[in-house]
Amino acid sequence: MKEIGVPRILTLLTDFGLQDPYVGVMKGAIAQINPQIAAIDLTHDLPRQNLAAARFALMNAYPYFPDDTVHVAVVDPGVGGDRRAIALELPQGFLVGPDNGIFSGILSQYPLIKAVELTNPDYWRSANPSTTFHGRDIFAPVGAHLANGVPIKQLGEAIVDPHTLVNLPLPFYTQEKPYIRGAIQSIDHFGNLITNIPGEAVNEVPWSVILNEEIIVGAQTYSDLPVGQAIALIGSHGWVEIAVNCGNAEKELKLTWGDPVQLLIYTE
(Lines give C-alpha, C1' and ligand atoms only; values in the text may rest on other atoms or scores of the structure.)
Protein backbone atom coordinates (compact mmCIF):
# COMPACT_ATOMS: atom_id res chain seq x y z
CA MET A 1 0.00 0.00 0.00
CA LYS A 2 1.10 3.58 -0.68
CA GLU A 3 2.01 5.48 2.47
CA ILE A 4 -0.16 8.53 3.16
CA GLY A 5 1.58 11.64 1.88
CA VAL A 6 4.17 9.72 -0.18
CA PRO A 7 3.39 9.95 -3.91
CA ARG A 8 3.70 6.95 -6.16
CA ILE A 9 6.47 6.74 -8.75
CA LEU A 10 5.35 7.90 -12.19
CA THR A 11 6.94 6.93 -15.50
CA LEU A 12 6.66 8.64 -18.87
CA LEU A 13 6.91 6.98 -22.28
CA THR A 14 6.33 8.97 -25.48
CA ASP A 15 7.44 9.38 -29.10
CA PHE A 16 7.91 13.14 -28.61
CA GLY A 17 11.71 13.22 -28.80
CA LEU A 18 13.74 15.80 -26.90
CA GLN A 19 14.13 18.53 -29.51
CA ASP A 20 10.81 20.13 -28.58
CA PRO A 21 9.60 21.07 -25.09
CA TYR A 22 6.68 18.61 -25.06
CA VAL A 23 8.18 16.22 -22.49
CA GLY A 24 9.24 19.07 -20.23
CA VAL A 25 5.76 20.57 -20.43
CA MET A 26 4.22 17.26 -19.36
CA LYS A 27 6.57 17.21 -16.39
CA GLY A 28 5.54 20.76 -15.60
CA ALA A 29 1.88 19.72 -15.57
CA ILE A 30 2.79 16.92 -13.16
CA ALA A 31 4.81 19.27 -10.93
CA GLN A 32 1.90 21.72 -10.74
CA ILE A 33 -0.09 18.98 -9.04
CA ASN A 34 2.72 17.72 -6.81
CA PRO A 35 6.40 18.66 -7.34
CA GLN A 36 7.40 15.73 -5.10
CA ILE A 37 6.29 13.11 -7.64
CA ALA A 38 9.28 11.17 -8.98
CA ALA A 39 8.81 11.22 -12.78
CA ILE A 40 11.08 8.66 -14.48
CA ASP A 41 11.63 8.79 -18.24
CA LEU A 42 11.33 5.35 -19.84
CA THR A 43 11.98 6.71 -23.32
CA HIS A 44 10.90 9.57 -25.56
CA ASP A 45 12.80 8.37 -28.62
CA LEU A 46 10.39 5.77 -29.96
CA PRO A 47 9.78 5.76 -33.71
CA ARG A 48 7.05 8.31 -34.36
CA GLN A 49 3.50 6.94 -34.03
CA ASN A 50 4.81 3.37 -33.82
CA LEU A 51 2.38 1.62 -31.45
CA ALA A 52 4.15 -1.74 -31.76
CA ALA A 53 7.41 -0.21 -30.52
CA ALA A 54 5.59 1.52 -27.66
CA ARG A 55 3.76 -1.66 -26.69
CA PHE A 56 7.01 -3.62 -26.54
CA ALA A 57 8.98 -0.96 -24.63
CA LEU A 58 6.30 -0.56 -21.99
CA MET A 59 5.70 -4.31 -21.63
CA ASN A 60 9.38 -4.98 -21.01
CA ALA A 61 9.93 -2.05 -18.62
CA TYR A 62 6.83 -2.77 -16.52
CA PRO A 63 8.23 -5.61 -14.32
CA TYR A 64 11.18 -3.53 -13.11
CA PHE A 65 9.18 -0.97 -11.15
CA PRO A 66 7.76 -1.13 -7.63
CA ASP A 67 4.13 -2.00 -7.07
CA ASP A 68 1.79 1.00 -7.32
CA THR A 69 3.88 2.72 -10.01
CA VAL A 70 1.85 4.86 -12.43
CA HIS A 71 2.87 4.44 -16.08
CA VAL A 72 1.83 7.28 -18.40
CA ALA A 73 2.28 6.29 -22.06
CA VAL A 74 1.55 8.69 -24.91
CA VAL A 75 2.05 7.43 -28.44
CA ASP A 76 -1.20 8.73 -29.80
CA PRO A 77 -1.74 9.05 -33.55
CA GLY A 78 -5.51 9.26 -32.89
CA VAL A 79 -5.31 12.22 -30.50
CA GLY A 80 -8.39 14.43 -30.71
CA GLY A 81 -10.38 11.72 -32.48
CA ASP A 82 -12.85 9.19 -31.15
CA ARG A 83 -10.35 6.90 -29.38
CA ARG A 84 -10.88 6.72 -25.63
CA ALA A 85 -8.58 8.11 -22.98
CA ILE A 86 -8.23 5.47 -20.27
CA ALA A 87 -6.70 4.52 -16.94
CA LEU A 88 -6.20 0.91 -15.91
CA GLU A 89 -5.50 -0.62 -12.52
CA LEU A 90 -3.48 -3.84 -12.28
CA PRO A 91 -2.11 -5.64 -9.21
CA GLN A 92 1.32 -4.06 -9.80
CA GLY A 93 0.20 -0.52 -10.60
CA PHE A 94 -1.60 1.78 -13.03
CA LEU A 95 -1.55 2.57 -16.76
CA VAL A 96 -2.68 5.90 -18.23
CA GLY A 97 -2.92 6.77 -21.91
CA PRO A 98 -4.91 6.33 -25.12
CA ASP A 99 -6.97 3.22 -25.78
CA ASN A 100 -5.15 2.27 -28.96
CA GLY A 101 -3.44 -1.01 -28.06
CA ILE A 102 -0.40 0.53 -26.39
CA PHE A 103 -1.16 -1.41 -23.19
CA SER A 104 -2.06 -4.73 -24.84
CA GLY A 105 1.37 -6.26 -24.24
CA ILE A 106 1.07 -5.75 -20.49
CA LEU A 107 -2.55 -6.91 -20.50
CA SER A 108 -1.50 -10.14 -22.22
CA GLN A 109 0.67 -10.95 -19.20
CA TYR A 110 -1.04 -9.41 -16.16
CA PRO A 111 -4.64 -9.42 -14.89
CA LEU A 112 -6.77 -6.29 -15.08
CA ILE A 113 -8.51 -5.10 -11.90
CA LYS A 114 -10.34 -2.01 -13.11
CA ALA A 115 -10.60 0.16 -16.21
CA VAL A 116 -12.09 3.64 -16.56
CA GLU A 117 -12.58 6.10 -19.37
CA LEU A 118 -11.16 9.48 -18.38
CA THR A 119 -14.37 11.49 -18.52
CA ASN A 120 -14.01 13.53 -15.30
CA PRO A 121 -12.45 16.90 -16.19
CA ASP A 122 -11.85 17.68 -12.51
CA TYR A 123 -8.61 15.73 -12.91
CA TRP A 124 -7.55 17.26 -16.23
CA ARG A 125 -5.36 20.30 -16.59
CA SER A 126 -8.28 22.05 -18.31
CA ALA A 127 -11.91 21.23 -18.94
CA ASN A 128 -11.21 22.29 -22.55
CA PRO A 129 -8.11 20.30 -23.45
CA SER A 130 -6.11 20.81 -26.61
CA THR A 131 -7.18 18.50 -29.42
CA THR A 132 -3.51 17.81 -30.23
CA PHE A 133 -1.84 17.47 -26.80
CA HIS A 134 -3.74 15.17 -24.46
CA GLY A 135 -0.39 14.20 -22.95
CA ARG A 136 -0.19 17.61 -21.33
CA ASP A 137 -3.86 18.30 -20.67
CA ILE A 138 -5.25 14.88 -19.70
CA PHE A 139 -2.75 12.04 -19.31
CA ALA A 140 0.01 13.76 -17.31
CA PRO A 141 -2.43 15.40 -14.85
CA VAL A 142 -4.44 12.18 -14.42
CA GLY A 143 -1.21 10.26 -13.84
CA ALA A 144 -0.17 12.83 -11.23
CA HIS A 145 -3.49 12.55 -9.42
CA LEU A 146 -3.18 8.76 -9.39
CA ALA A 147 0.36 9.13 -8.04
CA ASN A 148 -1.11 11.34 -5.31
CA GLY A 149 -3.47 8.56 -4.31
CA VAL A 150 -6.73 9.57 -6.00
CA PRO A 151 -8.85 6.40 -6.42
CA ILE A 152 -9.10 5.35 -10.05
CA LYS A 153 -12.91 5.20 -9.88
CA GLN A 154 -13.03 9.00 -9.45
CA LEU A 155 -11.35 9.61 -12.80
CA GLY A 156 -14.32 8.76 -14.99
CA GLU A 157 -16.80 6.15 -16.13
CA ALA A 158 -16.07 2.47 -15.55
CA ILE A 159 -15.33 0.35 -18.62
CA VAL A 160 -17.49 -2.64 -17.80
CA ASP A 161 -16.34 -4.95 -20.57
CA PRO A 162 -12.51 -5.19 -20.68
CA HIS A 163 -12.79 -6.94 -24.07
CA THR A 164 -13.65 -3.53 -25.56
CA LEU A 165 -10.10 -2.32 -24.86
CA VAL A 166 -8.16 -2.10 -28.11
CA ASN A 167 -5.75 -4.97 -28.68
CA LEU A 168 -2.83 -4.34 -31.01
CA PRO A 169 -3.04 -7.06 -33.68
CA LEU A 170 0.37 -8.68 -33.49
CA PRO A 171 0.77 -12.29 -34.66
CA PHE A 172 1.31 -15.08 -32.14
CA TYR A 173 4.21 -17.43 -32.57
CA THR A 174 3.41 -21.00 -33.56
CA GLN A 175 5.32 -24.23 -33.06
CA GLU A 176 5.29 -27.22 -35.37
CA LYS A 177 8.38 -29.32 -34.81
CA PRO A 178 11.07 -28.79 -35.82
CA TYR A 179 10.01 -25.21 -36.66
CA ILE A 180 8.90 -22.22 -34.62
CA ARG A 181 7.36 -19.38 -36.60
CA GLY A 182 6.97 -15.84 -35.33
CA ALA A 183 7.48 -12.23 -36.34
CA ILE A 184 9.54 -9.14 -35.59
CA GLN A 185 7.79 -7.30 -32.76
CA SER A 186 10.37 -4.59 -32.09
CA ILE A 187 13.65 -3.08 -33.30
CA ASP A 188 15.99 -1.46 -30.80
CA HIS A 189 18.40 1.46 -31.10
CA PHE A 190 21.18 -0.85 -32.31
CA GLY A 191 19.06 -2.30 -35.10
CA ASN A 192 18.61 -5.62 -33.29
CA LEU A 193 15.47 -7.41 -34.51
CA ILE A 194 13.44 -8.63 -31.53
CA THR A 195 10.97 -11.40 -32.32
CA ASN A 196 7.81 -12.44 -30.51
CA ILE A 197 9.31 -15.87 -29.83
CA PRO A 198 10.07 -16.29 -26.10
CA GLY A 199 13.51 -17.54 -25.17
CA GLU A 200 12.13 -20.51 -23.27
CA ALA A 201 10.72 -21.86 -26.54
CA VAL A 202 14.18 -23.01 -27.58
CA ASN A 203 14.82 -24.78 -24.25
CA GLU A 204 18.59 -24.45 -24.52
CA VAL A 205 18.74 -26.88 -27.45
CA PRO A 206 20.70 -26.11 -30.63
CA TRP A 207 18.71 -23.85 -32.94
CA SER A 208 19.04 -21.43 -35.82
CA VAL A 209 17.00 -18.76 -37.57
CA ILE A 210 16.24 -19.28 -41.25
CA LEU A 211 15.83 -16.11 -43.32
CA ASN A 212 15.47 -16.36 -47.09
CA GLU A 213 17.34 -19.70 -47.05
CA GLU A 214 20.16 -18.11 -45.02
CA ILE A 215 20.93 -19.88 -41.73
CA ILE A 216 21.67 -17.58 -38.79
CA VAL A 217 23.25 -19.53 -35.95
CA GLY A 218 21.71 -19.40 -32.49
CA ALA A 219 24.31 -18.52 -29.85
CA GLN A 220 24.75 -17.06 -26.35
CA THR A 221 26.41 -13.66 -26.85
CA TYR A 222 26.96 -11.12 -29.62
CA SER A 223 30.67 -11.92 -29.73
CA ASP A 224 30.20 -15.65 -30.32
CA LEU A 225 30.54 -14.97 -34.04
CA PRO A 226 32.97 -12.71 -35.92
CA VAL A 227 32.36 -8.98 -36.30
CA GLY A 228 29.91 -8.26 -39.11
CA GLN A 229 28.24 -11.67 -38.98
CA ALA A 230 24.54 -12.14 -38.24
CA ILE A 231 23.70 -14.00 -35.05
CA ALA A 232 20.57 -15.08 -33.21
CA LEU A 233 20.33 -15.13 -29.42
CA ILE A 234 18.05 -14.59 -26.45
CA GLY A 235 18.21 -10.94 -25.44
CA SER A 236 18.09 -9.51 -21.93
CA HIS A 237 14.37 -8.93 -22.50
CA GLY A 238 13.81 -12.69 -22.75
CA TRP A 239 12.86 -12.84 -26.45
CA VAL A 240 14.73 -14.33 -29.39
CA GLU A 241 16.47 -11.57 -31.31
CA ILE A 242 18.53 -11.35 -34.48
CA ALA A 243 21.61 -9.15 -34.42
CA VAL A 244 24.77 -8.42 -36.36
CA ASN A 245 27.94 -8.37 -34.26
CA CYS A 246 28.96 -4.68 -34.20
CA GLY A 247 26.46 -4.02 -37.00
CA ASN A 248 22.83 -3.18 -37.67
CA ALA A 249 20.62 -6.18 -38.42
CA GLU A 250 17.65 -4.04 -39.47
CA LYS A 251 19.63 -2.41 -42.27
CA GLU A 252 21.74 -5.38 -43.29
CA LEU A 253 18.96 -7.97 -43.30
CA LYS A 254 16.31 -5.50 -44.52
CA LEU A 255 13.62 -6.60 -42.05
CA THR A 256 11.08 -4.51 -40.20
CA TRP A 257 8.15 -4.70 -37.77
CA GLY A 258 5.81 -7.61 -38.46
CA ASP A 259 8.08 -9.46 -40.87
CA PRO A 260 7.95 -13.26 -40.43
CA VAL A 261 10.74 -15.21 -38.76
CA GLN A 262 11.30 -18.97 -38.72
CA LEU A 263 13.41 -20.92 -36.22
CA LEU A 264 14.72 -24.41 -36.76
CA ILE A 265 15.19 -26.59 -33.69
CA TYR A 266 17.82 -29.31 -34.05
CA THR A 267 16.48 -32.43 -32.36
CA GLU A 268 19.38 -34.75 -33.12
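## Ground rules

This is a predicted model, where local features need pLDDT of at least 70 and side-chain atom pairs count only at pLDDT 80 or more, while totals for chains, interfaces and linings use all residues. Residues are numbered from 1 along each chain as its sequence is written, and side-chain values use heavy atoms, with hydrogens and water left out.

## The largest pocket

The largest pocket holds about 790 Å³ of space. A pocket here is an open set of points on a 1 Å grid over the protein atoms alone, where a 1.4 Å probe fits, with protein on both sides within 12 Å along at least five of seven lines; lining residues have an atom within 4 Å of a point. Volume is the space filled by probe spheres set on the points, which are joined across faces, edges and corners.

Its lining has 31 residues, with Leu46, Ala57, Ser186, Ile187 and Asp188 nearest the centre. By class, that's 16 nonpolar, 10 polar and five charged (Ala, Val, Leu, Ile, Met, Phe, Trp, Tyr, Cys and Pro are nonpolar, Asp, Glu, Lys and Arg charged, the others, Gly among them, polar). At least two lining residues come from each of β2 (39-43), α2 (51-61), β9 (179-187) and β14 (239-244), and α2 has the largest share with six. Because domain 1 (10-164) and domain 2 (174-265) both contribute to the lining, this pocket lies between them; the domain bounds come from an automatic or database assignment.

## The second largest pocket

Next up is a pocket with a volume of about 360 Å³. Of its 18 lining residues, Arg55, Ser108, Pro171, Phe172 and Asn196 lie nearest the centre. The lining splits into 11 nonpolar, six polar and one charged.

α2, β9 and β10 (193-198) each supply at least two lining residues, and β9 gives the largest share, three. Domain 1 and domain 2 each put in at least three.

Helices α1 (residues 22-33) and α4 (residues 134-147) pack at an angle of about 40 degrees, with axes 8 Å apart. Helices (H or I, at least four residues) and strands (E, at least two) are DSSP runs, numbered from the N terminus.

Note on methods:
Axes fitted to C-alpha atoms, helices over the stretch in contact; angles between N-to-C directions.
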